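Subject: Handover of a structure and the findings from it

Dear colleague,

Please find below the structure that I am passing on to you.

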Amino acid sequence: MFGYAVVGAFGTMAVGLMAGSIPFVMPAFRRICLPFVPATDNQVRNVISLLRKRKGNVIDLGSGDGRIVLAAAKMSFPAVGVELNPWLVIYSKIKALYLGLSDKASFKRQDIWKTDLKKYDNIVIFGVEQMMTQLEEKLSQELKKDGCVIACRFPLPNCSESLSVGTGIDTVWLYESKSLYNSQSSL
């Protein structure tokens with residue numbers, strides 16, 4: 001009888017671990033994998049330093065644990081995080097509630113490629129190199145005429161940045177809409 005209980009407990013634990021890890025493993029099977037790598041404190045500070053000169057709302061594509069969205073909400077920006085991993089969305093929502101930022105910060109479980117960016121003034125992305133060209137195309141079609149993009153870790157390959165802050169992996173690049181429209185006309 002004791003053996004059955006141990007096997008049952010072990011089996012339950014194994015199934016629970018597998019079910020809990022699926023949202024973290026599934027991105028690896030996508031065409032472009034956007035893994036969760038938490039932003040460093042310097043990266044967050046660099047993004048926020050660029051947002052200080054901006055107005056409007058903010059969307060963070062692939063918002064992970066919500067650090068950028070919550071930092072923007074603390075600055076009174078209406079901020080939205082879009083994340084595919086349901087556990088990170090839940091974590092971010094709980095953190096926003098805990099910090100009293102639920103009125104300014106919201107999080108959605110959504111694919112960034114299916115997200116309509118036309119209503120956002122400031123778009124933040126911590127992308128991977130393989131996706132930046134495709135993202136550039138999407139942004140050139142959907143970015144507002146006075147909007148901006150803040151790219152972290154990897155720059156947009158065919159655009160001229162208006163400003164960059166930081167060094168190494170902490171570098172962030174600011175692109176204004178005119179540089180995206182110009183880059184697409186030259187492709």
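This is a predicted model: local features need pLDDT of at least 70, side-chain atom pairs count only at pLDDT 80 or more; totals for chains, interfaces and linings use all residues.

Nonpolar cores

The largest nonpolar core has 27 residues, and V47, L51, V124 and I150 touch the most other members. At least two residues of this core come from each of α2 (41-51), α3 (67-74), α4 (86-98), β3 (105-109), β4 (122-126), β5 (148-152) and β7 (172-176). Helix α3 gives the largest share, six residues. Apart from neighbours within four places in sequence, L51 is in contact with V58, A72, M75, F77, N122 and I150. As general background, nonpolar side chains in soluble globular proteins tend to be buried together.

A buried asparagine

Among the contacts of L51 is N122, a residue of strand β4. N122 counts as buried because its relative accessible area is 0%, under the 20% limit. Its side chain forms a polar contact of 2.6 Å with the side chain of R54.

Salt bridges

How many salt bridges does the structure hold? There are three.

- D65 and R67 pair through their side chains at 2.7 Å, N to O; D65 is buried at 12% relative accessible area, while R67 is partly exposed at 34%.
- K144 and D121 pair at 2.8 Å, N to O. This pair links distant parts of the chain, 23 residues apart: K144 is in the loop between α5 (132-142) and β5, and D121 is in the loop between β3 and β4. K144 is partly exposed, with a relative accessible area of 27%, whereas D121 is buried, with 13%.
- K138 and E142 pair at 2.8 Å, N to O. Both lie in helix α5, four residues apart, about one turn of the helix, and both are buried.

Cysteines

A search of the whole structure found zero disulfides. C148 is buried at a relative accessible area of 0%, and C152 likewise counts as buried at 0%.

With kind regards

Technical notes. Residues are numbered from 1 along each chain as its sequence is written. Side-chain values use heavy atoms; hydrogens and water are left out. A disulfide is a pair of cysteine sulfur atoms within 2.5 Å. Buried means under 20% relative accessible area, exposed over 50%, partly exposed in between (1.4 Å probe, protein chains only). A nonpolar core is a set of buried Ala, Val, Leu, Ile, Met, Phe, Trp, Tyr and Cys residues joined through side-chain atoms within 4.5 Å. Contact means heavy atoms within 4.5 Å. A polar contact is a pair of N or O atoms within 3.5 Å; within protein, one must be able to donate a hydrogen and the other to accept it, and residues adjacent in sequence count only if both atoms are side-chain atoms. A salt bridge is a side-chain nitrogen of Lys or Arg within 4 Å of a carboxyl oxygen of Asp or Glu.
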